Amino acid sequence: MPRATTDPATTTDPATTTDPAATTDPAATTDPAGAPAAPLPPTPSQTIGPFYGYALPFRGGEQIAPAGRPGTITLHGLVRDGDGAPVPDALLEFWQAGPDGSLTGAPGSLRRDPVTGAVIGRHGLDFTGFGRVPTDADGRYALHTLPATAPAGHPDAAPYLAVCVFARGLLHHLFTRVYFPEHAEAHAADPLLSRLPDHRARTLLAHPDGPDRYRFDVQLQQTADGTHEETVFLAFR
């Protein structure tokens, strides 16, 4: 991005406009040989963040289903980069259909109290359909929700959770999905899974990891040694 020329911070600061050393020092305008200095190169592009841990996470964001609700499952995992290292400041958002296939979720599930800033729309009673979970210092996350269901109006779709990934180094967030092994028969007809090679489709499959618990890791890039396959990410047009 070219250096800004109209930002008041760069045009009215005395240190940049009136300091004689800044305007008359030959070293500032010429190179050692006495020739005029070359134009400044463009400022390198910069990634956004990592600021996710300061504003976007909220208390109860990992509870799509209220704590203690019968039938609740836990989805957990690790977010890794292309070197296989954990990403400690990623943020994951999850959406899913309700038990009846509805995509409406609980209205106002992110409504904040204007005085206290508390999330008053998540009162621990309703299935919200939406969750937001930051990774911890070890790159891990955990989500508590109900088993996935297929969205209403999509008869060929296998049940899944939609995921959006934010992380350092990403100028654009990434979209992916989580499918579950209990619906293996439906996977063959799913519009997404049925078009992927087996080794790529496996990156979208959660694995049982104890009673009512599943593991799903997000791999941002394939590792050089091929140990970890890059997760399938989706583009929407």
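Predicted model: local features only at pLDDT ≥ 70, side-chain atom pairs only at ≥ 80, totals over all residues.

User: How do the residues lining the largest pocket divide?

Analyst: The largest pocket holds about 290 Å³ of space and is lined by 13 residues. Of these, 2 are nonpolar, 6 polar and 5 charged. Arg80, Arg202, Thr203, His207 and Asp217 lie nearest the centre of the pocket.

User: Is threonine 149 buried or exposed, and what does its side chain reach?

Analyst: Burial is judged from relative accessible area, with buried meaning under 20%. Threonine 149 counts as buried because its relative accessibility is 18%. The residue sits in the loop between strand E4 (140-145) and strand E5 (160-166). Its side chain reaches the backbone oxygen of alanine 97 at 3.4 Å, and a polar atom of that side chain lies 2.7 Å from the backbone oxygen of glycine 98. Beyond its neighbours within four places in sequence, threonine 149 is in contact with residues including Pro99, Gly101 and Pro159. Tyr160 is another contact; the C-alpha atoms of threonine 149 and tyrosine 160 are separated by 6.5 Å, although the two residues are 11 residues apart along the chain.

User: Where is arginine 200 found, and what does it touch?

Analyst: Arginine 200 belongs to helix H7 (residues 198-201) and is buried, with a relative accessible area of 18%. Not counting residues up to four places away in sequence, arginine 200 touches Glu229, Glu230, Thr231 and Val232.

User: How many aromatic pairs are there?

Analyst: Ring pairs are read from the distance between centres and the angle between planes. The count comes to 5 aromatic pairs. One of them, phenylalanine 94 with tyrosine 141, is tilted, at 5.8 Å centre to centre and 35 degrees between the planes. This pair links strand E2 (residues 91-95) to strand E4, its members being 47 residues apart. Phenylalanine 94 is buried at 1% relative accessibility, and tyrosine 141 is buried at 4%.

User: Why is the pair of phenylalanine 175 and phenylalanine 236 edge-to-face?

Analyst: An angle over 60 degrees counts as edge-to-face. The planes of phenylalanine 175 and phenylalanine 236 stand at 85 degrees, with centres 5.2 Å apart, so the pair is edge-to-face. Phenylalanine 175 lies in strand E6 (residues 174-179) and phenylalanine 236 in the segment after strand E9 (218-219), so the pair ties together parts 61 residues apart in sequence. Phenylalanine 175 is partly exposed at 25%, whereas phenylalanine 236 is exposed at 60%.

Conventions
Residues numbered from 1 in each chain as written. Heavy atoms only, no water. 1 Å grid on protein atoms, 1.4 Å probe; cavity = no way out; pocket = protein on both sides within 12 Å on 5 of 7 lines; lining within 4 Å. Points joined across faces, edges and corners; volume = space filled by probe spheres on them. Nonpolar A, V, L, I, M, F, W, Y, C, P; charged D, E, K, R; others polar. Helix = DSSP H or I, 4+ residues; strand = E, 2+ residues; numbered from the N terminus. Buried < 20%, exposed > 50% of the residue type's maximum accessible area, 1.4 Å probe, protein only. Contact = heavy atoms within 4.5 Å. Polar contact = N/O pair within 3.5 Å; in protein donor to acceptor, adjacent residues only side chain to side chain. Phe/Tyr/Trp six-rings, centres within 6.5 Å; stacked < 30°, edge-to-face > 60°.
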